[in-house]
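Welcome! Take a moment to look over the structure below, and then we will walk through a few of its parts together.

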Amino acid sequence: MNMIIPTATLATPNGTTRPQVRIVIVGHVDHGKSTLVGRLLHETGSLPEGKLEMLKAVSARRGMPFEWSFLLDALQTERDQGITIDTTQISFRTRSRDVVLIDAPGHAEFLRNMITGASQADGAVLIIDALEGVRDQTRRHGYLLHLLGVKQVAIVVNKMDRVDFSASRFKEISDEISAHLIGLGVTPSAVIPISARDGDGVAERTPRIEWYDGPTVVEALDALEPARPLETLALRLPVQAIYKFDDRRIVAGRIESGSLAAGDEIVIMPAGKIARIRSVESWPVTPLQGSPGAGRSVGITLDRELFVERGDVIAHVGSTPRDTRRIRARIFWLHDKPLVEGASILVRLGTRETRATVVAIEKAVDPGELSSVETKAIARNHVGEIDISLAQPIAADPYTDNSRTGRLVIEVNGRIAGGGLVLSVASGQRAIPVDIVPVESALRPDERSARYRHNGAVLWLTGLPGSGKSTLARALERRLFSAGGSPVLLDGDTLRAGLNSDLGFSARDRSENIRRLAEVAVHLARNGHIAIVAAVSPAREDRAAARRIADTAFREIYVATPVDVCESRDPKGHYAKARAGALHGFTGTGNDYQPPAGCELTIDTSRRSVPDATDEIERMLARSGVLFDELVDLAANI
Amino acid sequence: MHLLDNESTIARLRRADPPKGSSAAPMSSQISSNGRLPPPTMDHLDALEAQSIYIFREAFARLKKLALLWSLGKDSNVMIWLARKAFFGRVPFPALHVDTGKKFAEMYAFRDRYGKEWELDLKIEPCPLLETIDPTLPPAARSAARKTEGLKLALAKYGFDGLIAGIRRDEEATRAKERVFSPRGTEGGWDVRDQPPEFWDQFNASPPPGAHLRIHPILHWTEADIWAYTQRENIPIIPLYLAKDGKRYRSLGDQDITNPVASTASNIEEILIELDGTRVPERAGRALDHETEDAFERLRVAGYL
């Protein structure tokens, strides 16, 4: 039998101290991945004996210049014959590391395979052709490395021989890609000028790149660290299952971060129930002593019978994840059908799965393009930021707090269609670790809507002071009430006298003011009332937050009265005070009002009467399903 | 017949003091400011084990009717061990042996002994006769294809929606492209070009009606990992893996299509040393891999493991 295999394709037997790191080489197609892999195998002494000479001889015979990528092709062919190595999982050794190379195709068509491969990597090498420079797939892969949480990225600028080893060309590319990656929060560990074909910069700093004083590729790989379990973070144990094989009731899962031990007081999220860990179960030895940490699959028993289920997250008291129904996420999309607003999806976060609705899509872009064209749908292989409303509460962390419980995948028709990072969970939702049991209303929504002849809603009137918000709100309140409805006025200034009396006018306090208004309003809306909010709410971001909170019940009305008209009205005397310098931070004389872009209705009260404007609002409410536009068969609804 | 195991080491594992790798050094030197032991650092095998346990538990939680394919070889024995770790001593689904009837006597003896000792719900399913198999396949592949057909029959008989198989990425090129949760068509086939994305340990676990999933809990292990873990955990093995008269089996299949390799490794320690220096691939002794360029891929597309 004449079978050969590079020694280094075999893993180090257990017990050695050489860390194993898994890497992907990514980048635009034809920028030299195969050549670099061939060269790396050669430089690290991982090639079968005589292989290189043989291929060089074959090339010479055929009158072709030898290419390093032949080596991979040759290995591939032999692999297909069952003889040598597998190009999808090549290993080699550097001075102090075992490096496992994970397959990650460069073709855009195979982005899902690139993602599958790169998600398993500890580090990545992003390869760029010195002649072609940064291309769309370079940027796309860079962006995905960021989304996948691959933090260790080395850049190699290949084919330096084609640009005469020009230091200035190198710097140009280095600056461009570094700026791009740093903008994404990924700092390259090195940017290395190389010629994979000739060997410069791969294992040696040759005279042709004497102007470069950073690490070689092999040195950069040698400096990679294997991914570390997140032991120093707060405990997160997503529950996989509850086992009752015998008299023990074992809560099983993998510790994603932190550590635990028998006796610890823990909280089961999102319900917020408290218990103590009685024992850490194991097999064949049980119970387990000590405190198992991140990365371990464990089973624990609790000191009391509590309802725990798959999808719950166990944490320590005082450092729990957030309990939320609303998440903002930055995602990549792999499905043929673009993701649109209103889409019904399945979200998986940790071991929890829940139905969800895409409430809003923002910043949908092709990460490969330089000048990003924003769209309202996320196409295949594109990325975007979305607001998700979840059908049931979930325990989650922003990914900046915990990368394991701060990421999610999206499933469509039983197949993973995308994934991404949790940017934020609706603020103020940090659960209090006590037995909170929300009491549901005794009435069904349809009982209420049958009586009021409208659905619950949040009408958000925004505009400058003096624009007529309160006047319109009061007129509308009277109109709806007269028709048998149940409107409730929530005036910003009125609430500031009570609920929000602790808040001032800093940007932060204004945000909190809006959040509270929105929470109260949505509570009313859920109970069938029409909450009419009249608040200046100058910040677009704050109103977007209110829309996330109120979700599909939200109707934004921009009271767009010109500022000079507002100032001439000045019902509360604020403009006069502000002009006199007695009222700092007053919206109206400042320039801090950000008008809405996508509101449901715009009304200029300087051009129309109050009854006329009220009619218009009523029509919008009927059109968008809040008011029943004709008499419905009430009996059918009860 | 002697089957390898080492009672004294198992006894050591069962002792009340924590096993190696999960304990900490003396208390005095390790107490940290919060008064608890720092978490023990995980070594390579601990990490592999934890990942496999996670996969087992996901499969058990998300599929309705699972079976574990027990080929009696070193890999599937490690798999059973890991299942017992995942489920605290028991394997909560059937162990399915699709029997070609042509295994080594040592393998059948092993099955009969450990099927009982490990309290497995053992289901032995015979394979159809060679005459019923595609005659265009090369001889060894044709012989192996019986197993694929036997598997299809078992699937039809029990209606499993998930089959747990002990394949590894480092074994063979087409296996390297596998997912951990790998959907199969209604005919049991595998479409390597249309695999769903799989990342962050979130798995595609919704097979369409009539189709099933293959679950690969040790996909990320290597041959050396299997041996190192077998040694650490003292998992019994079939003695054919150890050298006798200068030869041993690196991989065990049907008697007539499996050949031993030249070796002097008479214990696991020596196997590990041998593996570290070898240039011969693991399945070199498996005739069916080498008959034609695509024989193995054809088998896998049709549903072979």
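Let us begin with a pair of neighbours in chain A: strand 9 and strand 10 (residues 273-281) pair in the antiparallel sense over four bridges. Pairing here requires that DSSP finds at least two bridges between two strands. The strands themselves, like the helices, are DSSP runs numbered from the N terminus, with at least two residues (E) for a strand and at least four (H or I) for a helix. Within this pair, Ile266(A) has Ala275(A) of strand 10 of chain A as its bridge partner. The two strands form a hairpin with three residues between them, and Gly272(A) takes a positive phi near 80° there.

Before going further, please note that this is a predicted model, in which local features need pLDDT of at least 70 and side-chain atom pairs count only at pLDDT 80 or more, while totals for chains, interfaces and linings use all residues. Residues are numbered from 1 along each chain as its sequence is written, and chains are lettered from A and ligands numbered from 1 in the order in which they are written.

Strand 9 of chain A also runs antiparallel to strand 12 (residues 313-316) of chain A, joined to it by four bridges. Here Met269(A) has Val313(A) as its bridge partner. Why is strand 9 of chain A largely enclosed by the rest of the structure? Four of the five residues in this strand (residues 265-269) are buried, so the rest of the structure largely encloses it. A residue counts as buried if 20 or more other C-beta atoms, placed from the backbone, lie within 10 Å of its own.

Further along chain A, strand 15 (residues 344-349) and strand 16 (residues 352-365) run antiparallel, with six bridges joining them. Arg348(A) stands opposite Glu353(A) in this pairing. These strands form a hairpin too, with two residues between them, and Gly350(A) in the turn has a positive phi of about 60°. Strand 15 of chain A is also joined by three bridges to strand 19 (residues 407-412) of chain A, again antiparallel, and Leu346(A) stands opposite Glu411(A) there.

Now turn to chain B, where the axes of helix 4 (residues 74-86) and helix 8 (residues 223-233) come within 10 Å and cross at roughly 50°. Axes are lines fitted to C-alpha atoms over the stretch in contact, and angles run from 0 to 180 degrees between N-to-C directions. Among the residues making the contact are Val78(B) and Trp81(B) of helix 4 of chain B and Ile226(B) and Tyr229(B) of helix 8 of chain B; contact means C-beta atoms, placed from the backbone, within 7 Å.

How values were computed
A residue is buried if 20 or more other C-beta atoms lie within 10 Å of its own, exposed if 12 or fewer, and partly exposed in between; C-beta atoms are placed from the backbone. Two residues are in contact if their C-beta atoms, placed from the backbone, lie within 7 Å.
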